[in-house]
Amino acid sequence: MLSKLQKEIIELKDKKNAIILAHNYQRKDIQEIADFVGDSLELCIKASEIKDKDILVFCGVDFMAETAYILNPDKKILIPDSDADCPMANMLSKSEIEEAKEKYPNAAVVLYVNSTAEAKAESDLLVTSGNVKKIINVLDEDTVLFGPDSNLAKYTEDFTDKKLIPIPGDGHCYVHKMFKVEDIESAREKYPNAQILVHPETNKEVQLAADYVLSTGGIMTHIKESSHDEFVLGTEIDIISRLELEVPDKTYYPLREDAICETMKYHTLEKLKACLEDESPQIVLSDELVEKCKKPVNRMLEASK
């Protein structure tokens, strides 16, 4: 049953002709009232399809809201807490990409969608953990500057003959770097009948020790289609919130209880309501930056079809 505050937000959202998009790592009470919940790729696709709403409220980190703005510069894009950023996205700057391009002038630049708008503007193509296997090989170039997540680069190497050069060399998600092989060994002892699923942002040795390596969208699909009924999840813990809402007849365990993305949790119901009331904080990018980002973003969406 929804709380009074949740009902007030839904009423306000309808009054403002708004839509609420939420990432899989959002708090459960926000997921419960979002119009759409998904991973980075799913949210990009959904944002590109919205035609009949005046306001998009993005409950995720800032690069996701920026991507929504790039796809919808004519709409008002709101984020409940403007301090909700992605530490990994901030590890790669425009100047670092420019330096890498000078060193490898014939390389393509492929960036994880988990990057800032300024970085995206320097890229040839964007990928997500859900589509990278499919689209890494659409490039003509044999050498690829790949950033900012070095673990996703290592994961991708198994699916291409291209030479991947990570930029920066140690870019990472601090949440997924927490997971250790010992965590998987412990989980196998505690939950012998469970499948262990981990995210491609985890360290390579963790990926090799798991049963499956999947994006959060891939985790959702796998579990919905699997005959298994117990799963250990090696990603941010609130993926379990979405699973419990959508696939409640199965059992889920976090690989680590402390796998929490702190900035994702900056958004609260109170901030979401205030955001709708005030139509602020608002995401705004320059026309020039939007124009530079459109090509790699749209190229990713086209290649994902």
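These legends describe views of a predicted model of one protein chain.

In this predicted model, local features need pLDDT of at least 70, side-chain atom pairs count only at pLDDT 80 or more, and totals for chains, interfaces and linings use all residues. Residues are numbered from 1 along each chain as its sequence is written, and side-chain values use heavy atoms, without hydrogens or water.

**View 1. Overall fold of the protein chain.** The chain holds 14 helices and 13 strands (DSSP runs: H or I of at least four residues for helices, E of at least two for strands, numbered from the N terminus). Its C-alpha trace spans about 55 × 55 × 30 Å along the principal axes.

**View 2. Surface and burial.** Of the 305 residues, 57% are buried (under 20% relative accessible area, 1.4 Å probe, protein chains only).

**View 3. The largest nonpolar core.** This core has 78 residues. A nonpolar core is a set of buried Ala, Val, Leu, Ile, Met, Phe, Trp, Tyr and Cys residues joined through side-chain atoms within 4.5 Å. Leu21, Val110, Phe146, Val198 and Val232 have the most contacts inside it. A separate second core has 18 residues, including Ala22, Leu78, Leu272 and Leu276.

**View 4. Around Val198.** Contact means heavy atoms within 4.5 Å. Beyond neighbours within four places in sequence, Val198 touches Ile184, Val206, Gln207, Ala210, Tyr212, Val213, Leu214, Gly234 and Leu255.

Key: Buried < 20%, exposed > 50% of the residue type's maximum accessible area, 1.4 Å probe, protein only.
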